[in-house]
Amino acid sequence: MPTTADTSTLDQLLDQLKEAEASERNQARLHRQAKPPLSVDMEDPIGWVSLFGYDPQRYFTDPLFYLEQQLRQKLWRFEHINDDAPLNSWVPAWLGHYPEYTFFGLSLGVRSHGGPILQTDHAMTRAPDLSLLGPVDFRTSGWMPRMLRWHEDLVALANGRVSIGFFGWNRGGFDIAVQLRGYENLLLDTLERPEFVHDLMKLLVEERYRWCVEAAAYLGTEVGPTAIADDWVACPYVSPGIFADFILPRYLEIEAFHGELVGFHSCGDQAPFHEHMLQIKTLNGYEVSPWMDLSQALENLPESKHLRLAVHPNDVVIDSPETMLAKLRAKADTLRGTTRSFTLGTSGLTPLHGEREFLDRIDLWLKLARQSFASA
């Protein structure tokens, strides 16, 4: 980062953030007891690129622009979206969703609209050979030099005025295994060479442990609770048998290593795995994605488990008002009488027809959601 960078715009945005954070409107959100709390999520960075029209390559290479844009996005969201999520002064040192892939020799890029470019021809797609994977070095593997420099540059720019979050190793192992080996190859491996799959998953998780220890040392903290995001861990891509045999044992080890598994995300139906997931004793909150049957989740999971309900983006950006209302009322009716805690939010949204229509649709969805659950 050039030491002569002009930070006047950043200073203005930081002042605006602090003012908004201290505002009565934000304090009301902090103390609001909405049932359920409603949240609107943006598809990052695709939705923001669409709204603000910036180059995602610059977003992920220019720390001053990135920090300024993060603040603009926070302020835009707070000003325009009246959900129950309070404004905060935390900014992630983020470079996209999959930096862990680079630690194992996979290349990663970003498209002009903000979507990722993932390498699909790693040497392991041609040979089930663990010797093709070297150990992960916290300082030198893949994007680690870039990630460390990015974090340090953002911390210097923030100068204590906002908190800069370090990267998390989100993948639990299976997503990386799929990217290294290829989905079809990995499924065949579970039948033809199961020990290889076990050994691959063990290797990936053990490297995750070592990285987390070194990350804690770098930050001057301790290894603590973690979350997992394995997008491929969903039916029908993975069967309950594959989950129980090859994935769950590693998740249980991750839980034991970190002391607590605070969340799990996948892009699909987790309900067929619930019976097995309940063995993860510290996982107290469950995602109910747009591809899951809410009734099935209620049947599968004890009342003590919190539910994070997410609706499909199309429910907000495409559905007619009548369809929106019908879907929300169906959810409210399904949850009628439950004593369990739950939240309701959108999956990542991207505007389709301009900012004004986008905001009108979000406002309508929030209004109908509050109406539906108020009468539930």
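Two rings of Phe, Tyr or Trp (for Trp, its six-membered ring) form a pair if their centres lie within 6.5 Å, and the pair counts as stacked with planes under 30 degrees apart, as edge-to-face over 60 and as tilted otherwise. The model is predicted, so local features need pLDDT of at least 70 and side-chain atom pairs count only at pLDDT 80 or more, while totals for chains, interfaces and linings use all residues. Residues are numbered from 1 along each chain as its sequence is written, and side-chain values use heavy atoms, with hydrogens and water left out.

Searching the whole structure gives 27 aromatic pairs. In one of them, the ring centres of Tyr-59 and Phe-60 are 5.0 Å apart and the planes stand at 55 degrees, so this pair is tilted. Tyr-59 also pairs with Tyr-66, with centres 4.9 Å apart and planes at 45 degrees, so that pair is tilted as well. Tyr-59 is buried at a relative accessible area of 0%, where buried means under 20% (1.4 Å probe, protein chains only); Phe-60 is buried at 6%, and Tyr-66 is buried at 0%.

Elsewhere, one aromatic cluster includes Phe-103, Phe-138, Trp-169 and Tyr-218.

Turning to the strands, which are DSSP runs of E with at least two residues, numbered from the N terminus, E6 (residues 226–229) and E7 (residues 261–265) run parallel and are joined by four bridges, where pairing requires at least two bridges found by DSSP. Among the partners, Ile-228 is bridged to Phe-264 in E7.

Note on methods
Buried means under 20% relative accessible area, exposed over 50%, partly exposed in between (1.4 Å probe, protein chains only).
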